[in-house]
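Subject: Structure handover

Hello,

Please find the structure below. My notes on it follow.

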Amino acid sequence: MVPALRLLLAFLAIGSCIAADHIDLWPMPKSVTHGTQRLYVSKDLAMSMEGSKYSDEKAILKDAFQRMVGLLKLNHAADGANPSSYVLTGVNIAVHSTEDELNFGVDESYNLTIHTVGEPLHAHIEAQTVFGALHALQTFSQLCYFDFTSRLIELNSAPWMITDAPRFPYRGLLIDTSRHYLPLTTIKGVIDAMAYSKLNVLHWHIVDEQSFPIEIPSYPKLWNGSYSYSERYTMSDAVDIVRYAENRGVNVLAEIDVPGHALSWGVGYPTLWPSDSCKEPLDVSSNFTFTVIDGILSDFSKVFKFKFVHLGGDEVNTSCWTATPHIKEWLNDNHMNVSDAYRYFVLRTQKIAISHGYDVVNWEETFNHFGEKLDRKTVVHNWLGGDVAPKVVAAGLRCIVSNQDKWYLDHLDATWEEFYMNEPLKGIDNPEQQRLVIGGEVCMWGEQIDASDIEQTIWPRAAAAAERLWTPIEKLAEDARSATSRLSRFRCLLNQRGVAAAPLAGDGRTAPYEPGPCVRQ
């Protein structure tokens, strides 16, 4: 469809949807009811924790509340005079659990209630965990807007009663810091926008064949494979990213992609290469290779506390193994061909990761080649074929869906509508097998992005997938166009919050076609 026609259809959809209702929330909650009353948000909006068992010793809620108040003002001076009635003076948050460890599968549900009667007026958030409360604050922030006439923050259509919980426990976004280095501020900006969208796993594809930017204390020469001395991350930087993400309800999944995507490893330790003339994949015949992997995962386990670690395993060209005399001899001595050696490498690396307390994620090629040999706790990351996820769960393994034709953000011809309509459970009807699909992930591969264009390449298409992963399937729009008004509004909200989300009309990373208001782009 030509961009101009898509733009017209989008605008028509916006008009019809706004006329029908004023639920502009993204992602759409599980259950929403509302009224017609306008409330005014006090300039001195306060947080209370009456009835909460959670102590907030780490100030997770306090800091989140302060960030939210800043988002409501959008840097405007809310200096209008508070009216005498219908003033929302506070938000009470009751969290039932005392725990604040961001474990996989943590309860992220919440209830948000905003009444129009009572003195004083408060919004009420009830959640089992602090992470559900964080999502509730994000939803509350979308209900509010700065009014330029009253110069106050207003909240329309009260009373509100919202019950919400995610559809999938894993809602991921991959970033790639090997193909292009991303500054810490850029990564943190991505995490902020993930929290706005209720995505909860940052898949950090840290290293690849092009560069090795992260410090590994056990093997300090590994980051000799970085692009430059300034394009690196210390372990303290990694700790900072993990803590920043966790405080926003986002886990960090670290990846080393072995054995195939690892040429940069040999810059610091050349013996990891099969030979000086044939440098990839890693030398399967050398115990040193696995000793280094053990050191990396040992260091990772002190920083990346998420349940999972990603070990890659995709796109392994084994020709170097047969072309290198000492590896060819090792293969013969162990009665292996290159397929056997590929399996040996992956399974041995899995055992190392498991010894450090991780469950392993591998790209789908490992399943396609020797799925029956994988550790039974393996999560298979589907990216190639649309028919792979049903096979994975039928085999009793867990799966993450990232099929490249729909959820690869570097595919600029993939529109937000395609991201929205991509269903992770397609072809999976058995309820027990459906539960083995732990979620999905959109992937921002870095060959053609860096800090200058990453945000407009990710957003708003990643947000379209976020609703697919959060909202119950019966609440999802039956076709993408009927979701246009809400996503347009959310894209504009991202822009107002400093996120360079691209227009909806057009392909990924497009620019506005003509002058006009934000929601018409």
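A residue counts as buried under 20% relative accessible area, exposed over 50% and partly exposed in between (1.4 Å probe, protein chains only). By that rule, Phe288 is partly exposed at 27%, whereas Tyr219 is buried at 15%.

This is a predicted model, in which local features need pLDDT of at least 70 and side-chain atom pairs pLDDT 80 or more, while totals for chains, interfaces and linings use all residues. Residues are numbered from 1 along each chain as its sequence is written, and side-chain values use heavy atoms, without hydrogens and water.

Aromatic pairs

The structure holds 22 aromatic pairs (rings of Phe, Tyr and Trp, the last by its six-membered ring, with centres within 6.5 Å; planes under 30 degrees apart are stacked, over 60 edge-to-face, the rest tilted). The rings of Tyr219 and Phe288 are 6.0 Å apart at their centres with planes at 75 degrees, so this pair is edge-to-face. Tyr219 and Phe288 are 69 residues apart in the chain. Trp363 and Trp445 form a tilted pair, with 5.9 Å between centres and 45 degrees between planes. Trp363 is buried at 1%, and Trp445 is buried at 11%. Ring pairs also join Tyr181, Trp204, Tyr233, Phe300 and Phe304 into a cluster.

Charges over rings

Here NZ of Lys or CZ of Arg must be within 6 Å of the ring centre and within 35 degrees of the ring normal. Lys279 has its charged end over the ring of Trp273, 4.2 Å from the centre. Arg348 lies over the face of Phe290, at 4.1 Å from the ring centre.

Regards

Note on methods:
Helices (H or I, at least four residues) and strands (E, at least two) are DSSP runs, numbered from the N terminus.
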